Amino acid sequence: MKEADLRKNNEEEVRSIISEVSNGGDGMLTGCLGQRYLGCGLRSGRLYLKGTPGNGLAAYLEGGSVYVDGNAQDAAADTMNDGLVAIKGSAGDALSYGMRGGRVYVLGSTGYRTGVHMKAYKDRKSVLVIGGRTGSFLGEYLAGGVIIVLGLSGEGPITGYFCGNGMYAGTIYLRTDDIPKCLSDSLSVHAVDDDEKETSIMPFVREFASLFSLDAEKIMESRFIAIEADGSVARGQHYAAV
Amino acid sequence: MKKEGEVRISSGCAICGIFCRDGRRIPGSVIRESIRVMHNRSNGLGGGFAGYGIYPQYSDKYALHIFYSDFAAREETERMLDQYFDIINLSKIPTRQVDAIRDVPLIWRYFVSPLPHRIQDSQLDEDEYTAQAMIRISCAVKGAYVVSYGKNMGVFKAVGYPEDVAEFYRIEEYEGYAWTAHGRYPTNTPGWWGGAHPFSILDLSVVHNGEISSYDANRRAVEMYGYSCNLMTDTEVIAYILDYLVRKQGLSYRESAEVIATPFWSTIEMKDGYDKARLSYLRNMFSSFLVTGPFSILVGFDGGMMALNDRLKLRSLVAAEKGRTVYFSSEEAAIRVIEPEPDRIWAPRGGEPVIVTLDKEALR
């Protein structure tokens, strides 16, 4: 695999790696230090990053794969459409904002406003799995797709305040028995049974575990709760085309 | 010309800070390299630094940094200073020519002590006496603007990108136990020398990323207590609010943070007995000092630093630790560039201050 160090002034090398990846190949950039929009709009190929890539990582991702060995900053996977993002570290605020498809896996914890307004449409279903914990406003205005928070690392509650505020479709799975504080009364919570675990959570946890060399079965031994929009609350007047 | 939508402005202000709890003094070049990484967050209309512990030889004197638009302003100011203070030392602040820094005012530094009989007559303590004199100079002398006037600290700011401002002020020649830095992207106020961050009063300085929705309510509240907001930007009001709460009302920094970024009533409701009563009291008692809108701020003060987000955490803020040194920044990359392997790196939660102070052994 071709490799370039962003700390060195080697624009040509970096360009050749980006074009290699854009053509469906593999490439690696090391020494990332706040450079924005890495992997942005990538349609194919696999881009490997080391260091601390900047804001807007893998924004509008269109089918390619982005692997990060390090922490991501704010607004990673923004409006991502398809493909895979795997972050072997933490992610900042507003991760996967308005995500429309594809899978995002974060080994560590994420900041505020994780997975706000994620969507699903026809065969597109956005999937976000977080190994650690999240800040407040997890899955706010969720419109589709699945968010899974595992709480494998970090301290304190698995998520912050205002979880799922204003969500009207999709599901938030939390690997805990504790219902988040101040949950809106237009949401419903249920304990996840074995069938639902196997069909709705396991496939993604299996991929998460294989990406980060963890034991999926062991992770799945714990209980999960699911948060969804309460179907009995009419939202027809509030949102078009739900 | 590019049309709206064809051009992406990726800006949003940058802040960063370094605090050595062991009192070790580090050169300004370290904070310069940190803020440089976030170049794209500012647009060249303001940059600045605050350094603490930088004037050990005059640590008991007030260090005045003053901008003058012309000679007359300097003469008038120095006449006023002579009436109220003993001037121990005065000089131009050394600068170097930097192409990107233009329209440079006269920049002077004074180390002063208040005249003892004047203090006695005024019936004020020396901090209040000095603050009132400096506010008077900034308001009354046309063309004079007091940039900072704390002890053993100073603010260096200009119109330009922060890394250019650092070159201009030869920031690498100063050593401090604490530094804050700011790169500005002014949104709704002019980019001028006085409007660059940090803003300070006595030893307290503030750098800020965000905008204050409650600005005018906060301004009217602090102006009732003798402060004057005349720098045409919102951030200065935070400095005055904190000065009022900490120095005049005797609140701790933690309590002041609970005033300016007070939790929602719904969140206070969930707390238990003592916390609930305390937070309710602070919110009711100091309601005019609640700062709404998005912000992340770093507050420098004598012997300490505080990092704080608005309660919704609408601006980014990362903290890190390595040994006895603590780092804060808008972006993690700006920490990694000067400390690649921190012991711990985390994102403080909205409305929850991180306060660091000098170790006991470091206090001289």
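The numbered points that follow take up the conventions, then chain A, then the sheet of chain B, and finally the interface.

1. This is a predicted model, in which local features need pLDDT of at least 70 and side-chain atom pairs count only at pLDDT 80 or more, while totals for chains, interfaces and linings use all residues. Residues are numbered from 1 along each chain as its sequence is written, and chains are lettered from A and ligands numbered from 1 in the order in which they are written.

2. In chain A, all 7 of the 7 residues of strand 10 (residues 143-149) are buried, so this strand is largely enclosed by the rest of the structure. Here a residue is buried if 20 or more other C-beta atoms lie within 10 Å of its own, exposed if 12 or fewer, and partly exposed in between, with C-beta atoms placed from the backbone. Helices (H or I, at least four residues) and strands (E, at least two) are DSSP runs, numbered from the N terminus.

3. Strand 10 of chain A pairs in the parallel sense with strand 9 (residues 127-130) over 4 bridges and, also in the parallel sense, with strand 11 (residues 169-174) over 5 bridges; two strands pair if DSSP finds at least two bridges between them. A:Val146 of strand 10 is the bridge partner of A:Val127, and A:Val146 has A:Thr171 as its bridge partner in strand 11.

4. Chain B contains an open sheet of 4 strands in the order 5-6-4-7, with antiparallel pairing. Strand 5 (85-92) and strand 7 (144-148) of chain B stand at the edges with a single partner strand each, so one side of each is left without a neighbour in the sheet. The twist averages 30° from one strand to the next. Strand 4 (residues 62-68) and strand 7 of chain B pair over 4 bridges in the antiparallel sense, and B:Tyr68 has B:Ala144 of strand 7 as its bridge partner.

5. Helix 2 (residues 71-84) of chain B lies across strands 4, 5, 6 (106-114) and 7 of chain B, running at about 10° to strand 6. Helix 4 (residues 126-140) of chain B lies across strands 4, 6 and 7 of chain B, at about 140° to strand 7. Axes are lines fitted to C-alpha atoms, for helices over the stretch in contact, and angles run from 0 to 180 degrees between N-to-C directions.

6. At the interface, 18 residues of chain B are in contact with 18 residues of chain A, contact meaning C-beta atoms, placed from the backbone, within 7 Å. The largest share of the side of chain B that touches chain A, 4 residues, comes from helix 11 of chain B.

Terms used. Two residues are in contact if their C-beta atoms, placed from the backbone, lie within 7 Å.
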